[in-house]
Structures are given as structure tokens and as C-alpha cells.
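Here is a short briefing on one protein model. Please look over the sequence and structure before reading on.

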Amino acid sequence: MNPPVDVLGLEHIYLTVSSLAVSEVFYDTLLVEVLGFRKSKFALGDEPHINYFNRHFGLVLRPARNATPHDNYAPGLHHLCLRVATEDDVRHARAALHERGIDASPVQCYAQYAEDYYATFLSDPDGIRLELSNFRKERRERFEGWEKLGG
């Protein structure tokens with residue numbers, strides 16, 4: 001039997017949005033201005049797409065074909081969490097979003113998840129919930145010591 005294939009990370013996330021123009025403004029602010037992603041545009045068939053990317057993964061926006069509102073509690077995406085390095089980075093990002101008119105919750109510790117879990121929450125124009133959290137100790141230790149954990 002062959003060993004499992006190692007997944008290196010997320011390649012990309014595809015989000016369907018009701019208005020590409022409205023979502024572009026929001027994601028330009030969040031991803032490009034605040035989080036340092038880069039951006040490109042392309043078309044598949046006759047449909048325009050916007051690709052945001054950093055060195056770790058990409059997030060692609062495409063136009064919706066149906067006008068159904070997003071429901072975080074229906075089957076599908078509940079929320080998307082983006083990890084930054086430190087609690088201070090979470091606070092800095094939240095402040096930068098606030099300065100640019102994007103409402104994000106106050107940064108707080110969510111000790112029910114982990115004693116060093118700091119996060120802020122916000123929603124995109126379609127109501128997709130987004131979270132920014134720090135690279136907490138448990139995840140960092142798992143990342144750095146994966147080979148030692150064994151299988």
C-alpha cells in the first residue's frame with residue numbers, strides 16, 4: 001500500500017458573488033490593501049473572474065448565476081478564516097479595516113477554542129463570514145513538529 005499523499009496547503013478558494021463590482025471593492029480593501037495580496041483578472045468563457053493571491057494560496061471571485069442569499073447555516077461554507085502571524089497582526093488588520101470603513105468585530109481572545117486564540121470577524125457584501133486569527137501555539141507546534149508527531 002502506498003503512503004498517503006501530503007497536502008501542502010490550500011491551492012485556491014472560489015467564491016461566487018452577487019455583484020463582482022461591489023465585491024471587488026470589498027476584497028481589494030481586505031486582501032490587497034490590508035493583507036498584501038496581489039490581484040489579476042481573467043475570463044472563463046464570457047464570465048469575468050478576479051484572482052487574489054499571495055504566496056500561500058489564491059481566492060477567486062466569480063459572478064453568481066442565481067440570486068440566492070448566502071446562508072452560513074445551510075450546507076456549504078460557514079466561514080473562511082485567514083491566519084496572520086500574531087495577535088498584534090490581527091489588531092493591526094482590524095484597525096486598518098475600520099479606517100477603510102469595513103466593520104470588523106473588536107479583537108478578543110476566544111479561550112474556549114485555545115488560550116491564545118485571538119480573532120476578529122467580518123462579513124463580505126454577500127454575507128459570507130470571514131475571520132482573521134493569529135497563528136496560535138498549538139497550530140505553530142503542529143506545523144513545526146509535524147514529522148515528530150508520526151502517523
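Asparagine 51 stands opposite valine 60, which lies in strand 4. The model is predicted. Strand 3 covers residues 47-53, and its pairings come next.

Pairing with strand 4
- Strand 4 spans residues 58-63 and runs antiparallel to strand 3, with 4 bridges joining the two.
- The two strands make a hairpin, with 4 residues between them.

Pairing with strand 2
- Strand 2 takes in residues 38-44 and is joined to strand 3 by 7 bridges, again in an antiparallel arrangement.
- Alanine 43 has proline 48 of strand 3 as its bridge partner.
- Strand 2 and strand 3 form a hairpin with 2 residues between them.
- Glycine 45 sits in that turn and has a positive phi of about 65°.

Burial
- Strand 3 is largely enclosed by the rest of the structure, because 5 of its 7 residues are buried.
- Buried here means under 20% relative accessible area.
- Across the protein, 36% of the 151 residues count as buried.

Overall fold
- The protein has 4 helices and 8 strands.
- Their order along the sequence is β-α-β-β-β-β-α-β-β-β-α-α.
- Among contacts with a separation of 6 or more, 52% come from residues 24 or more positions apart.
- The C-alpha atoms fill a box of roughly 50 × 45 × 30 Å along the principal axes.

Surface and charge
- The accessible surface is about 10,100 Å², and carbon and sulfur atoms account for 53% of this.
- There are 17 positive and 22 negative side chains.
- The centres of these two sets lie 2 Å apart.

Notes
Residues numbered from 1 in each chain as written. Predicted model: local features only at pLDDT ≥ 70, side-chain atom pairs only at ≥ 80, totals over all residues. Heavy atoms only, no water. Buried < 20%, exposed > 50% of the residue type's maximum accessible area, 1.4 Å probe, protein only. Contact = heavy atoms within 4.5 Å. Areas by Shrake-Rupley, 256 points an atom, 1.4 Å probe, with all protein chains shown as cover. Lys, Arg positive; Asp, Glu negative; His and termini not counted. Charge placed at Lys NZ, Arg CZ, Asp CG, Glu CD. Pairing = 2+ DSSP bridges.
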